[in-house]
Amino acid sequence: MQNTRRCISLICVTRQSPSLRATYGAVAAARCLHRAPPQSSRKKHETNVSTLFKPVQVQANVDCEDVGSELVGKLEKSELLKILNKFTQRRETKSLCSENGLDSYLQQQAFGSFRRYCIEAENLPVDLHIIFSDIMQGAGHIDDIFPYFLRHAKTVFPHLDCMDDLKKISDLRQPANWYTNARALTRKIVFHSGPTNSGKTYHAMERYLSAKTGVYCGPLKLLATEVYNKANERGTPCDLVTGEERKFGISDNSPANHVACTVEMTSVNTPYEVAVIDEIQQIRDPQRGWAWTRAFLGLIADEVHVCGEAGALELLQKICETTGETVEVRRYDRLTELTVEDSALGSLDNVMPGDCIVCFSKHDIYTVSREIEARGKEVAVIYGGLPPGTKLAQAAKFNDPANSCKVMVATDAIGMGLNLSIRRIIFYSLVKPTMNERGEREIDTISVSSALQIAGRAGRFRTQWEHGYVTAFKSEDLQTLQRILAQTPDPLKQAGLHPTADQIELYAYHLPNSSLSNLMDIFVNLCTVDDSLYFMCNIEDFKFLAEMIQHVPLPLRARYVFCCAPINRKMPFVCSMFLKIARQYSRNEPITFEFIKSNCGWPFKLPKTILDLVHLESVFDVMDLYRFMDLFPEAGNVREAQKELDEIIQQGVFQITRLLKNTEASQEGETPNYSMRRVTHVKEPRLPSASRGRLTDRLLAQGLLTPGMLSELRKEWDAQQVGQAAAAAASTSSKESQESPTDDSDDEDSYPGSYKKTRRKRRK
Ligand SMILES: Nc1ncnc2c1ncn2[C@@H]1O[C@H](COP(=O)(O)OP(=O)(O)OP(=O)(O)O)[C@@H](O)[C@H]1O
Ligand SMILES: [Mg+2]
């Protein structure tokens, strides 16, 4: 009888796949041979990556007949457990696991899953049943279990079978080879190197304007807009491409030969005679650096003109060694003088015409502008969250010598490349919230590069103030500031990279059960980059969005594109609209202008308080999102609505101090005192009942919820209550509130939006 059983078990084994048979052979060898040591030490990050692979639930055996029991009798569960425990504790088992890619974490997970599978199953697959039976009868060896365990482990962790493929896909050591069209040319690379205000962009632009075709890639929408305006003024028709928008220089639907765009938007498929990549030192930016790398490696242009800090040269030269190109360097000196003052401003009483106070939080912007206006001086305000039209209008007002507004309050949104008529930069503080490599927020002293960039806005060539000055607001900051400004920025060491949609799609093919956020994590942990030149950019924003829409059924491509959206995750309203848009898209329902209108509170009213203003800024962002996706009809209507919104926001910012007063008044329970054009006086809604009061109070105070939004929410809430009472069928609508993103916001200003995007058209 024992012989018969043994025979059956061997037949079962020989019916297994070749790999299982090979493993079985290895098991046999393991019994008698001296074991070779486990595979050589893995790279540190590979050990941790195991924890990212989520175990797949293995279905119980679906055979309804318990053939195993019929053939060899039932298995005693307590005996089975003993065997399993012995199996998992054997040194030989662990050693075989390591050889098959299961480190101690995966072993633990797979052992647990296998044990549960064997114990809880009504009936086991016949081959496994017989193996256990043989072992119980003394006719089999405990190591015979291994091939079956491995089969189970590979079902739980499918990556065990495709690690080599995954590593190959995420081998990013030669990004230059991704761009075959650019590699087919030997491009002329010119690096315009120098400090701020030395004419780098000017000289690159001169070449761009004289070319037959050209593209300008800048870090900010505002800079791209400046180039677009200058080119068209100088008679070179130029289009503006920011987000999904294309503003035509000649006439609608007749593209010009010159394009100005934000760097993420640049096409690496269109050939140009001249390409300009501005502020190349941003290639090291932990969030957006990949966009400069992509442009630098991928632009198809006879000449690529790169402008930036001298410290970028060595890195660019090294990268060019991988493309077979050489870098021609043109060096420039600062065109005007810049003096660091030896006394701090001390008080806002000492503000003078031409001063620009730079703050690193919106809160400081509000406080400072209010205090300056209280001293009878008009202020122009620029911060990251404002629409481009508003920023330009504020800049124009301040730049105009005939305008009574002589003082600017701004965040470092003005820090790069902009030409403003500033006499003196005053650093209100020297600390700035930043994001570390793990995507966590930290407060840090500003970098030398960023301080020099900001200081460099003072005393611009060919403006009213050709001698610039810099100082700190607080006297205790002055020495630190002087020390920072006396330094030269560190040479750049690495350029950013980011996984492409194609790479992630291949990953998903191998790991179909993983979420997008999980795939990104695995990719980042498995990828190989040449760290003498490159680093992997921070993917936290991408992951945040991926997790938010994980439960919405979407094809992977669409999901990827959605997650590239330039969203400020501190804005709950924008995030919830993002979710709604994704859901609408997933249902294949058009995202009409009507949808946007009804969700964004159309028609827009002039803001009465800062909270209203913050909300309008969010609505503007939502509309940007609408166009970013490139998926929706009626883009023209949205563009028109955005223009109007931009104007309304402009008027709001123009009266920012009044809005602040109203905000305070409404928080103290007074009736807001304002008189603005086009305002329809809307009664402030009462705060909802105490049970909802504390959260809403906080959201109101933080500017994340406006009284208008609150009123809408209450209406929705009441409608829902009525609906629920009337019919049980109305139960679907409450999901929205459960899915609202968590409020991790604070009132610091955001970074310039991370417009990381790969444009993909919806495949119908
Ligand atoms: N040779 C020139 N003739 C006329 N105007 C010039 C010349 N060089 C520079 N400018 C003007 O001086 C200002 C500063 O130049 P530009 O913006 O090119 O400096 P930059 O080195 O790029 O500064 P940043 O580092 O801040 O970007 C611009 O308004 C530019 O038009
Ligand atoms: Mg410049």
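These legends go with a few close-up views of one predicted model.

Before you start, residues are numbered from 1 along each chain as its sequence is written, while chains are lettered from A and ligands numbered from 1 in the order in which they are written. Since this is a predicted model, local features need pLDDT of at least 70 and side-chain atom pairs count only at pLDDT 80 or more, but totals for chains, interfaces and linings use all residues.

**View 1. The whole chain, before zooming in.** The protein chain has 31 helices and 18 strands (DSSP runs numbered from the N terminus: H or I of at least four residues for helices, E of at least two for strands). Of its 764 residues, 44% count as buried. Buried is 20 or more other C-beta atoms within 10 Å of a residue's own, exposed is 12 or fewer, and partly exposed is in between, with C-beta atoms placed from the backbone.

**View 2. The shell around ligand 1.** Here 16 residues surround ligand 1, and the closest are Gly199, Thr201, Tyr202, Gly417 and Phe461 (a residue is near a molecule if its C-beta atom, placed from the backbone, lies within 6 Å of it). Helix α12, residues 200–210, gives the most to this shell: 3 residues. By type, the shell has 4 nonpolar, 9 polar and 3 charged residues. Nonpolar covers Ala, Val, Leu, Ile, Met, Phe, Trp, Tyr, Cys and Pro; charged covers Asp, Glu, Lys and Arg; the others, Gly among them, are polar.

**View 3. Where domain 2 meets domain 3.** The chain is divided into domain 1 (2–161), domain 2 (337–485) and domain 3 (511–739), with bounds from an automatic or database domain assignment. Domain 2 puts 15 residues into the contact and domain 3 puts in 12 residues (contact is C-beta atoms, placed from the backbone, within 7 Å). On the domain 2 side, α16 (362–374) and α17 (388–399) each supply at least two residues.

**View 4. Pro387, in a loop.** Look for Pro387 between β11 and α17. Why does Pro387 count as buried? Because 24 other C-beta atoms lie within 10 Å. Leaving out residues up to four places away in sequence, Pro387 touches Phe620, Asp646 and Ile649. Pro387 and Phe620 are 233 residues apart in sequence, yet 7.1 Å apart in space, C-alpha to C-alpha.

**View 5. An open sheet of 6 strands.** The order is β9-β16-β13-β10-β12-β11, with parallel pairing (strands pair if DSSP finds at least two bridges between them). At the edges, β9 (337–340) and β11 (379–382) each pair on one side only. Strands β13 and β16 run parallel, joined by 4 bridges.

Definitions and conventions: Contact = placed C-beta atoms within 7 Å.
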